[in-house]
Amino acid sequence: MAQSSQEIRRALISVSDKTGIDGFAKRLSAAGVEILSTGGTAAALRTAGVTVTDVSSVTNFPEILGGRVKTLHPKIHGGILGKKKDPGHQAEMKTHGITPIDLVCINLYPFEKTVAKAQTTLDEACEQIDIGGPAMVRASAKNFQDVVILVDPADYERILSLIESKSPISRELRQELAAKAFRMTSAYDAAITAYLSGEAKEDFPAIFRPAFTLAQTLRYGENPHQKGAFYRSSDPADRGVGTAVKRWGKELSYNNVLDAHSALALVKEFSGPATVIVKHNNPCGAATGDSLLDTYCKARDTDPVSSFGGVVAMNRPVDGETAREMAKIFLEVVIAPGFSPEALEVLTKKKDIRLLEAPDAFAGGAGEKEILELRSVSGGLLVQTPDRIVMPTRDKISLATKRVPTDSEWEDALFAFTVGKHVRSNSIILVKDRVTVGIGAGQMSRVDSVRLSGMKANRTTQGTVLASDAFFPFRDGIDEAAKLGVAGIVQPGGSIRDKEVFEAADEYGMFMILTGVRHFKH
Ligand SMILES: NC(=O)c1ncn([C@@H]2O[C@H](COP(=O)(O)O)[C@@H](O)[C@H]2O)c1NC=O
């Protein structure tokens with residue numbers, strides 16, 4: 001009987017990463033679909049108890065050249081490319097004993113992961129260039145009206161449920177999957193191109209082709225009248241908000257993603273328990289402390305008004321007691337390496353919160369690959385390496401004043417310096433006991449940022465340490481700091497009026513640490 005475009009009688013599964021493939025294949029098989037597979041996939045499926053037909057028994061040809069040729073055969077490609085409604089195609093297929101393949105499920109050799117490892121040789125990299133897989137993906141995607149192509153496990157469930165319920169798989173859905181497939185092969189080829197051309201090794205290649213895949217369209221952009229979408233990086237080393245898993249909550253907005261990114265970037269700087277709360281892409285509170293609960297309360301109390309509706313990042317899995325405290329106010333997003341079952345129970349009672357689990361964002365060490373920062377401008381793209389500089393150690397740093405900081409003040413200076421890196425310029429941060437007291441962000445003059453840091457303070461600014469992201473052009477900033485009772489200042493130095501700035505600090509009995517490091521954030 002002639003087969004309709006809708007029927008899924010035969011599926012070809014050939015996957016390099018075999019995670020979860022057994023469950024998918026079992027359900028297909030139970031729905032009466034015959035499964036064809038390549039060597040390793042067939043073996044894995046048989047072990048899981050799935051009945052499989054070897055591709056080599058269809059082609060009547062063994063897999064050769066160490067797997068370089070497995071599926072590159074007319075019996076396979078004819079089965080994928082034959083049009084079901086074309087009598088000529090059907091007659092030719094019959095003559096040559098070619099049976100249609102209705103669904104193709106593929107994931108490719110992990111080329112990008114392989115070349116991301118520094119020790120990978122050219123031969124090893126070339127061996128990981130998948131040829132047969134992309135050929136089948138492209139063939140299936142070309143013939144999408146007759147073949148369902150699956151390249152993303154996220155699509156397995158919806159296709160399975162349609163097959164199991166014997167519902168039609170619409171042309172629109174098939175076309176969507178085909179477009180996704182071509183997007184995947186084009187990103188795959190771009191990664192190979194970048195590697196072979198040597199572009200991948202250069203900081204700034206002559207032609208810059210970053211690869212990002214559409215993860216989701218957003219309800220809107222920064223404002224409701226703007227359209228927005230989120231693209232996930234194709235670079236496996238690029239981990240963070242883009243690789244976080246949403247454990248709970250409604251759709252993330254454009255601003256949620258941006259704020260979660262900024263909060264995560266700052267909280268990752270600390271080794272001990274830490275909490276950062278971000279509002280409008282600036283921290284409104286940050287703290288380190290003995291426990292996560294302690295850091296959350298301290299960060300929130302820096303600016304309780306702004307913390308309401310904030311985006312919270314933590315560098316430890318959220319526990320039950322911290323969750324209970326967090327549940328007392330409205331928070332937009334919480335991003336953390338994990339959530340305890342108790343924390344999930346507490347926080348999932350709140351319908352408006354989003355919970356993002358990002359364990360891999362915390363996995364990297366000092367040798368972490370530098371991920372370039374990109375920002376579009378009219379007519380171009382600005383690209384830079386990230387600001388990963390840390391404050392110089394005490395033995396390598398100079399003091400501009402007579403007064404010497406205490407140990408605790410040194411620690412506060414380091415904390416304030418670190419927070420300051422993540423606050424929009426001109427940034428001024430007041431800190432006491434590793435907790436932000438006041439944050440002056442985004443002002444066009446430094447002296448106004450000093451005033452603002454005092455205005456934002458929710459408790460006394462007496463005895464705080466002040467960090468400035470860049471040098472003081474005049475002594476007025478120091479005069480304002482003195483009015484706040486600041487004990488000392490950490491700043492890069494380097495102004496032509498440094499002398500008068502240092503004298504002002506001495507006049508007020510402050511210490512002044514010179515880092516030599518400016519960290520504007522525009
Ligand atoms: N050479 C071929 O004909 C071929 N056909 C499929 N592949 C790939 O082989 C992998 C699966 O291999 P196995 O099932 O043997 O573990 C998949 O990633 C698939 O994309 C091939 N390998 C590479 O080109």
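**Reading helices and a sheet**

Reply: Please note that this is a predicted model. Let us begin with a pair of helices. The axes of helix 17 (residues 446-456) and helix 18 (residues 476-483) come within 8 Å and cross at roughly 10°.

Me: How are helix 17 and helix 18 oriented to each other, roughly parallel or roughly antiparallel?

Reply: Two packed helices are described by the angle between their axes and the distance between the axes. Angles under 35 degrees count as roughly parallel, and helix 17 and helix 18 are therefore roughly parallel to each other. Arg 446, Val 447, Val 450 and Arg 451 of helix 17 meet Asp 476, Gly 477, Glu 480 and Ala 481 of helix 18. These contact residues comprise 3 nonpolar, 1 polar and 4 charged.

Me: Which residues of helix 1 are buried?

Reply: In an α-helix there are 3.6 residues a turn, so residues three or four places apart point the same way. In helix 1 (residues 21-30), the buried residues are Ile 21, Phe 24, Ala 25 and Leu 28. Seen down the helix axis, they fall within an arc of 95°, so they line one face of helix 1. They pack against strand 1 (10-15), strand 2 (34-37), helix 2 (39-47) and helix 9 (156-164).

Me: In what order do the strands of the sheet lie?

Reply: The open sheet has 5 strands in the order 3-2-1-4-5, with parallel pairing. Strand 3 (53-54) and strand 5 (148-150) are the edge strands, each pairing on one side only. Strand 1 is joined to strand 4 (residues 103-107) by 5 bridges, and Ile 13 stands opposite Cys 105 in strand 4. Helix 1 packs on the sheet, its direction making about 170° with that of strand 1.

Conventions. Residues numbered from 1 in each chain as written. Predicted model: local features only at pLDDT ≥ 70, side-chain atom pairs only at ≥ 80, totals over all residues. Buried ≥ 20, exposed ≤ 12 C-beta atoms within 10 Å, placed from the backbone. Helix = DSSP H or I, 4+ residues; strand = E, 2+ residues; numbered from the N terminus. Arc of directions from axis to C-beta. Contact = placed C-beta atoms within 7 Å. Axes fitted to C-alpha atoms, helices over the stretch in contact; angles between N-to-C directions. Parallel < 35°, antiparallel > 145°, perpendicular 65-115°, else oblique. Nonpolar A, V, L, I, M, F, W, Y, C, P; charged D, E, K, R; others polar. Pairing = 2+ DSSP bridges.
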